[in-house]
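Visitor: I am new to this structure. Please show me how to read a few of its features.

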Amino acid sequence: MASARVTLDRLRLDRQFMSNVAAWEALPSRPSRHAPLPPGLYAPLGAALRRRGIEQLYTHQASAVAAALRGENVAIVSGTASGKTLCYNLPVLHTLLQHPSARALYLFPTKALAQDQAAELADFIAALDSPTDDSFRTPHSALRIGLYDGDTPQAHRAAIRRDSSIVISNPDMLHAGMLPHHTRWSELFANLRWIVLDELHTYRGVFGSHVANVLRRLRRLCNFYGSDPRFICASATIANPQELAQGLIEAPVTLVTDDGSPRAEKHFILYNPPLIDPALGMRRSYTLESKEIAAQFIGDGVQTVVFGRARATVEVLLGYVRDAAARFNVEPQTVRGYRGGYLPHERREIERGLRDGSVRGVVATNALELGVDIGQLGAAVIAGYPGSIASVWQQAGRAGRRAEASAVVMVASAAPLDQYIALHPRYLFETSPEHALINPDNLAILLSHIRCAAFELPFDEHEGFGKMTDLGELWEILSEAGEVHRSGGAARWVGGSYPAESVSLRSGGSDTVIIQDVTGGKPIVIGEVEAGRAPTQAHSGAVYLHEGRQFVVQSLDWEQRIASVAAAEVDYYTQAAESVTLDVLEVTDADEHAPARRAHGTVLVTAQPSGYRKIKRYTHETLGFGEIDLPAREFQTTAYWIWIDPDTAETLMAEGILLRPNDYGPNWDRQRDAALERDGRRCRECNAAAPPPLHVHHLRPFREFGYAPGQNSNYLQANELDNLITLCPSCHRRVESAQRTRSALSGLAHALGNIAPLYLMCDPRDIATLAESRSKETGGPTITLYDQIPEGIGLSGRLYELHAELLRGAAELARGCPCADGCPACVGPVSVNGEETKALTVRLTQALTRGL
């Protein structure tokens with residue numbers, strides 16, 4: 001395959017391309033640094049390494065192996081293709097070869113990665129069985145590797161349980177397929193010496209919080225069977241690898257970060273597609289730009305991987321890249337797709353093609369990001385920010401032969417995080433700011449796993465679970481539900497269900513709404529959605545997408561948790577609105593020493609779905625409105641709120657940067673109530689009813705003409721009732737745009753919500769924001785960011801700690817965006833917040849960040 005140098009040289013001379021380059025970083029080559037094999041390593045392992053051409057280890061490999069041989073838990077952080085596999089294979093084999101009864105458990109987040117590592121481990125064991133002399137003849141072939149996942153045939157499972165020295169699986173299978181049936185796995189649990197957690201950085205948020213509880217259950221069973229395994233973890237670069245590892249295994253961890261692997265020169269280009277509407281901040285499609293760039297590399301003979309963010313994006317990009325590559329006389333079938341959903345033999349075929357060069361290009365989801373052996377390619381094109389900086393570097397690591405220059409081009413989409421990084425490339429090239437957070441003691445998650453653990457083994461009444469030493473209240477809850485019986489100083493499972501099968505490791509609770517297709521008359525289950533998201537995603541009238549097909553929700557039976565959908569071909573999508581109120585229950589910490597004051601604590605969220613809009617695809621015009629008739633949902637969670645100290649707020653109001661809340665004159669309350677009563681307390685536009693109790697956030701009267709609150713000449717007079725109209729959150733924005741509502745507070749809230757995931761490695765939907773011109777808690781202008789997961793998983797707590805950095809980031813986002821008056825990538829679109837919002841938000845952030 002050709003070097004990327006030719007393509008890079010041509011791109012550098014292309015003025016049109018270079019005009020859209022936000023950053024071009026030449027990462028210099030780096031020589032390898034070596035260390036001898038740790039003393040005491042089982043001698044045949046050294047001989048096997050030499051037969052594979054490895055005379056010494058890289059420095060990080062030697063440090064990790066030495067720490068593991070000392071009996072320590074280890075976490076290794078190093079780059080892609082840096083040889084992390086040896087960091088755990090060597091100490092594991094060292095133990096197993098000398099103690100034939102010992103066992104090891106490897107956990108990988110994906111099936112493809114597990115299968116790839118099983119093949120690598122088998123090759124290494126084969127090298128042990130082919131010595132050049134007879135000095136180390138031992139029964140290495142007795143080491144059996146068992147791959148145990150959902151694809152494992154039933155006929156093979158008993159032999160894997162009985163004979164495998166190393167069992168390779170994933171957290172989901174451990175949770176639902178192994179721990180509940182531990183008596184069948186007694187040989188493994190009684191002799192378990194090592195547990196390997198690869199791709200540690202993926203165990204974050206809700207998933208990581210569940211996995212931490214699965215590991216609690218695993219260690220509890222190991223203790224029952226008499227074993228005390230050690231952990232070896234491997235991670236991509238994040239801000240807190242040691243904290244994450246120790247949070248997952250609840251034990252001290254030795255951190256190894258001295259990456260000694262070599263690296264050839266790599267060019268990293270951050271490309272921002274050209275603006276097509278500077279005023280609105282609209283840019284050319286990032287998928288179209290990505291396919292053009294990828295086609296150039298492929299046409300020059302450079303083996304290239306293109307990463308897309310979602311399955312649908314990958315399939316679209318695959319067609320684009322094939323068509324573009326054909327212009328360079330490249331056979332389209334040499335460009336392949338790779339994602340979850342492909343059959344195992346298809347994935348293996350593509351992987352072989354990448355290694356032997358017969359596949360010239362591949363368009364993939366992050367399924368190829370994680371450790372699968374595809375060799376070292378010449379170029380990687382990343383179509384859109386993949387959600388975390390760790391993922392960016394994992395994907396970038398797929399390009400880079402050790403002796404040749406390689407290229408990485410990340411093409412920014414119009415999404416807020418993409419644009420923020422395009423404006424601030426230092427977040428890519430400096431120390432990762434991302435914190436991978438978990439909260440294993442989230443009550444909903446914890447209770448689910450205590451149920452599972454009680455099913456697996458009875459609890460002594462004085463036994464704890466994780467950090468919780470007294471489970472008395474939880475036993476009372478489970479006893480009242482008829483799931484646990486307490487007698488003789490023990491709590492025993494007596495429930496009729498199998499608890500693990502109802503607990504998904506990727507949701508915050510076990511309550512889900514089933515989606516059933518009723519198009520053909522007979523209901524067919526096609527999916528599910530978390531109950532907390534169902535009111536806005538699966539309400540009656542919602543457009544539901546499944547594998548690219550469109551369905552319209554016919555009905556949502558909230559009591560039975562069933563949404564019935566029918567196939568449809570419509571040219572719109574739906575967007576639901578919720579009215580949210582917050583009540584602070586407890587303040588954990590606060591700081592009132594700056595213009596932007598801050599606090600962190602527990603809140604009660606009341607979310608009332610109010611209505612939805614039908615939005616035309618492509619043009620995004622509103623086609624109509626609908627009502628959502630569902631009860632409000634309440635949940636406790638953690639929150640971080642910022643409010644403006646009274647003196648600063650008064651100054652900002654005097655300068656016109658902030659509005660005086662509800663300053664419509666002395667008779668406003670009477671006029672508001674009269675307008676609401678006149679309209680039957682329903683929205684004039686979409687007829688949505690106000691849920692009791694009525695809040696200003698639910699139904700709001702607005703002046704149709706001359707909207708200028710705070711100016712005496714526009715105070716509402718007694719005869720002005722006809723100029724008021726009543727609108728709900730699902731449609732009031734149409735009027736607000738005509739009224740030129742100046743909302744610096746909402747602009748700042750939008751910016752803060754957009755950049756928060758950059759620091760948290762979370763899905764943007766995991767954090768919600770609420771802007772209040774007058775908060776019940778603080779009495780002044782307040783912005784609250786809260787965890788969307790009931791009980792919280794620590795996201796808002798970390799934002800509280802990053803308060804100053806977060807505010808500065810929001811200021812930079814608003815100030816640096818090239819749009820004229822605001823856009824979705826910075827402070828929100830002009831149509832929502834008004835034409836002056838961007839300028840006012842910049843002035844607000846300047847006032848709040850002064851002195852930080």
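**Strands, helices and a core**

Guide: Start with a pair of strands. β20 and β21 pair in the antiparallel sense, over 4 bridges. Keep in mind that this is a predicted model.

Visitor: Which residue in β21 is the bridge partner of R486?

Guide: R486 has A491 as its bridge partner. β20 and β21 also make a hairpin, with 2 residues between the strands. There, G488 takes a positive phi near 60 degrees.

Visitor: In what order do the strands of the open sheet stand?

Guide: First, the general idea. In a regular strand, side chains alternate between the two faces of the sheet. Here, 3 strands form an open sheet, ordered β19-β21-β20, with antiparallel pairing. β19 (459–460) and β20 (484–487) are at the edges. Each has a single partner strand, so one side of each lacks a neighbour in the sheet.

Visitor: Over how many bridges do β19 and β21 pair?

Guide: Over 2 bridges, in the antiparallel sense. β21 covers residues 490–493. Look at F459: its bridge partner in β21 is A491.

Visitor: Now the helices. At what angle do α3 and α6 pack?

Guide: Two packed helices are described by the angle between their axes and the distance between the axes. For α3 (residues 43–51) and α6 (residues 111–128), the angle is about 105 degrees, and the axes are 8 Å apart. That makes α3 roughly perpendicular to α6, because angles of 65 to 115 degrees count as such.

Visitor: Which residues of α3 and α6 meet?

Guide: From α3 come P44, L45, A48, L49 and R51. They meet F124, A127 and L128 in α6. By class, this contact has 7 nonpolar, no polar and 1 charged residues.

Visitor: At what angle do the axes of α10 and α11 cross?

Guide: They cross at roughly 45 degrees, and come within 7 Å. α10 spans residues 205–225, and α11 spans residues 241–249. That makes α10 oblique to α11. In α10, G208, V211, A212, L215 and R219 meet G247, L248 and I249 in α11. The residues of this contact divide into 5 nonpolar, 2 polar and 1 charged.

Visitor: How many residues does the largest nonpolar core have?

Guide: It has 77 residues. M410, L752, L758 and L844 have the most contacts inside this core. Helix α24 (residues 744–760) gives the largest share, 11 residues.

Visitor: What is L752 in contact with, leaving aside its neighbours within four places in sequence?

Guide: L752 is in contact with I642, I783, L785, L806, L807 and A810, with those sequence neighbours left aside.

Key: Residues numbered from 1 in each chain as written. Predicted model: local features only at pLDDT ≥ 70, side-chain atom pairs only at ≥ 80, totals over all residues. Heavy atoms only, no water. Axes fitted to C-alpha atoms, helices over the stretch in contact; angles between N-to-C directions. Parallel < 35°, antiparallel > 145°, perpendicular 65-115°, else oblique. Contact = heavy atoms within 4.5 Å. Nonpolar A, V, L, I, M, F, W, Y, C, P; charged D, E, K, R; others polar. Pairing = 2+ DSSP bridges. Core = buried A, V, L, I, M, F, W, Y, C linked by side-chain atoms within 4.5 Å. Buried < 20%, exposed > 50% of the residue type's maximum accessible area, 1.4 Å probe, protein only.
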